[in-house]
Amino acid sequence: MSNWFISSCTNNEILLLVRHLVYHNLRQGKAGDYFIFHYMMQLAFETYPEQWRRIPFLPAKSAFSLQERLLEPFDAQTWELMKRGTPMHKLSYKRVGGKTPEPDSFYGKLLAGELDG
């Protein structure tokens, strides 16, 4: 399970339970574990198995494809393949490490607003 992207309707039972469990743990001073969210999601999935089975999944690998190529020279064919592979892209400033992008890189095109959706 991955929690890089979550979308839901208002008052989703799974997310309400996760919020309750996380808040409870925070009040108990048990928030130090990096995977606390994953543990709480697992409990919610076990509590609401039917809702869990109806959740669509987006593979994270496709969403990271642009991030992995940010500093590479822009290639229109590669960009088209990446767009077809996922409806969204997960990016992080950490990936570029403060480097100034070349104008003809994926990152340069992104910053210039030249990547169409």
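Reply: Happy to! Let's start with Asp 116, which is partly exposed at 45% relative accessibility; here buried means under 20% relative accessible area, exposed over 50%, and partly exposed in between (1.4 Å probe, protein chains only). A word on the ground rules: this is a predicted model, where local features need pLDDT of at least 70 and side-chain atom pairs count only at pLDDT 80 or more, while totals for chains, interfaces and linings use all residues. Residues are numbered from 1 along each chain as its sequence is written, and side-chain values use heavy atoms, leaving out hydrogens and water.

Asp 116 forms a salt bridge with Lys 83 at 3.3 Å, N to O, the term meaning a side-chain nitrogen of Lys or Arg within 4 Å of a carboxyl oxygen of Asp or Glu. Asp 116 lies in the segment after helix H7 (106–111) and Lys 83 in helix H6, so this pair ties together parts that are 33 residues apart in sequence. Helices here are DSSP runs (H or I, at least four residues), numbered from the N terminus.

Lys 83 counts as buried, at 19% relative accessibility. Lys 83 also meets Glu 80 in a salt bridge, 3.0 Å from N to O. Both of these residues belong to helix H6 (residues 76–85), 3 residues apart, about one turn of the helix. Glu 80 is partly exposed, with a relative accessible area of 32%.

How values were computed. Helices (H or I, at least four residues) and strands (E, at least two) are DSSP runs, numbered from the N terminus.
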